[in-house]
Amino acid sequence: VTSGMALFALTYGLIEANHYGWGSSRIVGAFTVAGVTLSAFVALERHQRIPMLDLALFRDRMFAGANAVMLLNALAMFGVFFYVSLYMQQVLGFSPVKAGVMFLPMTMLIITVAPRAGHLADRTGPRLLVGVGQLLVAVALFVFARMTAQSSAWDLIPPMMISGAGMAMTMTPATAAAMGSVRPDKMGVGSAVLNSARQVGGAIGIALMGAVVAARLSASLAQGQTGPAAFVHGIQGGFHLAAAIALVGSAVGIATLRRE
């Protein structure tokens, strides 16, 4: 209950902040509820005989770092999936089918690179792969941020491929690092925590990027820009934020994951 309330209040505050105002009582109240209930969740889990989330797992630097990387990767990329899809359909005029097909280069790179990244991580460790992978994701996001209302399908293929390779180089080694740092009897919980980190990061990432897009979109419309141009201006700010998050993920991976 406390974790659900915290995530709901945080997501609601981020999504509705531009509508009601960041300083409004409703939004401040939502962020306050998020902080209080999240603190309550941590306090409860620390004192439960059989906690839902064993916080002792995060004492391991490798496990904590791998989960942080997965959270940051989802924060950066989930909003991209959502807003690139909208951009292709609402600005470039792609059909839903064509917009879906445009994600295939990313998917194929993930399918191709992920197993090889796992084998390489077994030999060299996850640190370098995760660091470079998140750096590639940041590069792809900066390229996405250069899109305009006049871009074409060919302009989307390079960042799609770069981000696919970067995500594959991040997710497989980070997953292996997290699972390799927990005891066999804790692997079920460790896997659930890793998956939760990814899902929570995705939910918050879409809301956070949405807040940036909405703020910049409103400002552009107020300055007299047309709908497509204003929308592009909005998502460019969101992509820059996502790129910065990916760079943080790269630094966290290098700092926390061991070579072996």
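Which residues of H5 are buried? In this predicted model, the buried residues of H5 are Met106, Val113, Ala114, Ala117, Gly118 and Ala121, where buried means under 20% relative accessible area, exposed over 50% and partly exposed in between, with a 1.4 Å probe and protein chains only.

## Basis of the report

The model is predicted, with local features requiring pLDDT of at least 70 and side-chain atom pairs counting only at pLDDT 80 or more, while totals for chains, interfaces and linings use all residues. Residues are numbered from 1 along each chain as its sequence is written, and side-chain values use heavy atoms, with hydrogens and water left out.

## Helix H5

Helix H5 covers residues 104–124; helices here are DSSP runs (H or I, at least four residues), as strands are (E, at least two), numbered from the N terminus. The 21 residues of H5 reach 29 Å from the first C-alpha to the last, close to the 30 Å expected at 1.5 Å a residue. The expected span is 1.5 Å times one less than the number of residues in the helix.

H5 has a kink of about 30 degrees at Val113, shortly before the proline Pro115. The bend at a residue is the angle between axes fitted to the seven residues ending there and the seven starting there. The buried residues of H5 pack against H3, H6 and H7, contact being defined as heavy atoms within 4.5 Å. Just after H5, Gly125 takes a positive phi of about 95 degrees.

Helix H3 comprises residues 61–90, 30 residues in number, and reaches 44 Å from its first C-alpha to its last, close to the 44 Å expected. A kink of about 25 degrees is centred on Leu75. At the start of H3, a side-chain oxygen of Asp60 comes to within 2.8 Å of the backbone nitrogen of Met62.

Asn67 belongs to helix H3 and counts as buried because its relative accessibility is 4%. A polar atom of the Asn67 side chain lies 3.5 Å from the backbone nitrogen of Leu194. Asn67 also touches Phe58, Ala178, Val193, Leu194 and Ala197, residues up to four places away in sequence not being counted.

## Thr170 in helix H7

Thr170 is located in helix H7 (residues 153–180) and is buried, with a relative accessible area of 0%. Its side chain and that of Gln134 are joined by a polar contact of 3.2 Å. A polar contact is a pair of N or O atoms within 3.5 Å; within protein, one must be able to donate a hydrogen and the other to accept it, and residues adjacent in sequence count only if both atoms are side-chain atoms.

Neighbours within four places in sequence aside, Thr170 is in contact with Val69, Asn73, Val130, Gly133 and Gln134.

## Nonpolar cores

A nonpolar core is a set of buried Ala, Val, Leu, Ile, Met, Phe, Trp, Tyr and Cys residues joined through side-chain atoms within 4.5 Å. The largest has 39 residues, of which Val84, Tyr87, Met88, Leu141, Phe144, Leu156 and Phe239 touch the most other members. Two or more residues each come from H3, helix H6 (127–144), H7, helix H8 (187–222) and helix H9 (227–256). H3 gives the most to this core, with nine residues. Apart from it lies another core, of 16 residues, among them Leu57, Met70, Ala174 and Ala177.

Leu141, in helix H6, is buried at a relative accessible area of 1%. Leu141 and Met77 stand 64 residues apart in sequence and 8.6 Å apart in space, C-alpha to C-alpha. Excluding residues up to four places away in sequence, Leu141 touches Ala76, Met77, Val80, Phe239, Ala242, Ala243 and Ala246. With the same exclusion, Phe239 touches Val80, Val84, Leu141, Phe144, Ala145, Met147 and Met209.

## Aromatic pairs

The whole structure contains seven aromatic pairs. Rings of Phe, Tyr and Trp (its six-membered ring) pair if their centres lie within 6.5 Å; planes under 30 degrees apart count as stacked, over 60 as edge-to-face and the rest as tilted. The rings of Phe78 and Phe81 have centres 6.0 Å apart and planes at 50 degrees, so this pair is tilted. Both residues lie in helix H3, three residues apart, about one turn of the helix. Phe78 is partly exposed at 26% relative accessible area, and Phe81 is partly exposed at 27%.

Phe81 and Phe103 form an edge-to-face pair, 6.4 Å centre to centre with 75 degrees between the planes. This pair links distant parts of the chain, since Phe81 is in helix H3 and Phe103 is in the loop between helix H4 (96–101) and helix H5, 22 residues apart. Phe103 counts as buried at 16% relative accessibility. Ring pairs link Phe78, Phe81 and Phe103 into a cluster.
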